[in-house]
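My entries follow in the order in which I looked things up.

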Amino acid sequence: MLSVDEVSRTFGDARTGEVQALKNVSFCLEPGETAGLLGMNGAGKSTLLRILATTLKASEGKMSLNGLEYSTEGDEQLNEKIRHHVGFLSGSTGLYKRMTGRETLEFFGRMSSMEEENLQTVLEEFIARLGMADFIDRYTDKYSTGQKQKVNICRALIHGPDLLILDEATTGLDPVARLQVTEFIKKMRNPQRMMMYSTHYFDEAENLCDKLLVLHKGSLMYSGTKEEVLQQADCASLTELFTALANECKI
Ligand SMILES: Nc1ncnc2c1ncn2[C@@H]1O[C@H](COP(=O)(O)OP(=O)(O)OP(=O)(O)O)[C@@H](O)[C@H]1O
């Protein structure tokens with residue numbers, strides 16, 4: 001289980017003083033569950049995902065993954081243990097230009113101490129499922145955005161993490177690649193794996209996620225199934241909900 005309890009994060013900003021990017025956010029994810037993280041630009045989605053991936057420290061609060069406590073004091077040994085169970089695709093995940101996609105995935109699989117036979121089996125399955133055979137042996141600097149993103153998603157998944165964190169995984173993809181990627185992510189669900197999926201596409205949130213977490217100005221404003229969220233917000237659709245939030249920001 002992923003447990004997030006009263007997590008906050010403040011950034012110092014030279015121009016405006018302090019920015020409170022997350023304010024007392026609490027929620028749980030059960031094994032097998034996928035949560036869709038929604039929110040307007042600047043709502044705090046990436047900040048939350050980076051904290052869960054241990055690349056950023058929370059200012060306050062507690063978190064645990066399957067009983068392992070995150071360290072907010074910067075204890076690298078504790079966070080290293082967590083990292084073994086986490087796969088993270090951030091908005092800025094890059095690829096080594098002078099490696100092929102296959103070499104990249106082999107590299108990360110070996111870094112995670114995967115057995116060679118298992119690594120090759122998983123790799124072939126990923127290549128087939130995401131239609132990567134045509135480009136996987138080319139250097140990644142020649143890849144299109146969609147091709148890069150497919151390799152990045154595989155990189156986050158190669159070691160079979162319990163918690164998969166995907167930050168806007170389909171941004172910039174054409175409709176066919178978007179469908180391929182979302183179908184692949186759906187197939188990668190299993191009864192143990194938890195997923196945090198941030199997106200600006202409502203159809204993906206509805207199609208992929210068991211529950212939704214709506215962040216607004218750093219606070220978790222609504223959470224639950226889509227129906228529960230709409231009921232809490234007294235809205236008929238997610239579009240209506242976000243239009244209301246956007247209008248509130250203009251006031
Ligand atoms: N390193 C930083 N220093 C100062 N402020 C930051 C930093 N990182 C994020 N912020 C601020 O924290 C707030 C939340 O940012 P965050 O990137 O988490 O939002 P987001 O919901 O992921 O937005 P988007 O949908 O645009 O990616 C914003 O006001 C942002 O400017």
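Before reading any handedness I wrote down the convention: a crossing is left-handed if the near helix is turned anticlockwise from the far one by less than a right angle, and right-handed if clockwise. The helices themselves (H or I, at least four residues) are DSSP runs, numbered from the N terminus.

I also noted that this is a predicted model, in which local features need pLDDT of at least 70 and side-chain atom pairs count only at pLDDT 80 or more, while totals for chains, interfaces and linings use all residues. Residues are numbered from 1 along each chain as its sequence is written, and side-chain values use heavy atoms, with hydrogens and water left out.

**Entry 1: α3 and α5**

I looked up α3 against α5 and found a right-handed crossing. The two pack at an angle of about 15°, with their axes 9 Å apart, where axes are lines fitted to C-alpha atoms, for helices over the stretch in contact, and angles run from 0 to 180 degrees between N-to-C directions. That makes α3 roughly parallel to α5, on a scale where angles under 35 degrees count as roughly parallel, over 145 as roughly antiparallel, 65 to 115 as roughly perpendicular and the rest as oblique.

For the contact (heavy atoms within 4.5 Å), α3 supplies Gly-101, Thr-104, Leu-105 and Phe-108, and α5 supplies Val-151, Cys-154 and Arg-155. By class these residues are 4 nonpolar, 2 polar and 1 charged; here Ala, Val, Leu, Ile, Met, Phe, Trp, Tyr, Cys and Pro count as nonpolar, Asp, Glu, Lys and Arg as charged, and the others, Gly among them, as polar.

**Entry 2: α3 and α4**

I turned next to α3 (residues 101–111) and α4 (residues 116–129), which pack at about 140° with their axes 10 Å apart. At this angle α3 is oblique to α4, and I recorded their crossing as right-handed. On the α3 side the contact is made by Arg-102, Leu-105, Glu-106, Gly-109 and Arg-110, and on the α4 side by Glu-116, Leu-119, Gln-120, Leu-123, Glu-124 and Ile-127. I noted that this contact divides into 4 nonpolar, 2 polar and 5 charged residues.

Which residues of α3 are buried? Taking buried as under 20% relative accessible area, exposed as over 50% and partly exposed as in between (1.4 Å probe, protein chains only), I listed Gly-101, Thr-104, Leu-105, Glu-106, Phe-108 and Gly-109. Their cover includes α4 and α5.

**Entry 3: α5 and α6**

The axes of α5 and α6 (residues 175–187) come within 11 Å and cross at roughly 10°, and these helices are therefore roughly parallel to each other. I found Lys-150, Ile-153, Cys-154 and Leu-157 of α5 in contact with Gln-180, Val-181 and Phe-184 of α6, a set with 5 nonpolar, 1 polar and 1 charged residues.

**Entry 4: two buried residues**

I located Phe-135 in the loop between α4 and α5 (145–157), where Phe-135 is buried, with a relative accessible area of 4%. Leaving aside neighbours within four places in sequence, Phe-135 touches Tyr-143, Gln-147, Lys-150 and Val-151. I read 7.8 Å between the C-alpha atoms of Phe-135 and Gln-147, which are 12 residues apart along the chain.

Glu-204 belongs to α7 (residues 202–208) and is likewise buried, at 3% relative accessible area. With neighbours within four places again set aside, I found Glu-204 in contact with Thr-170, Arg-178, Thr-182, Tyr-197, Thr-199 and Cys-209.

**Entry 5: positive phi**

Ser-113, in the loop between α3 and α4, has a positive phi near 60° in a residue other than glycine, and is exposed at 64% relative accessible area. Asp-234, in the loop between α8 (226–233) and α9 (238–250), has a positive phi near 55° and counts as exposed at 66% relative accessibility.

**Entry 6: cysteines**

How many disulfides are there? With a disulfide taken as a pair of cysteine sulfur atoms within 2.5 Å, I counted 0 disulfides. Cys-28 is in none, as the nearest cysteine sulfur, that of Cys-209, is 17 Å away; at 33% relative accessibility, Cys-28 counts as partly exposed. Cys-154 is in no disulfide either, with the nearest cysteine sulfur, that of Cys-209, 19 Å away, and Cys-154 is buried at 0%.
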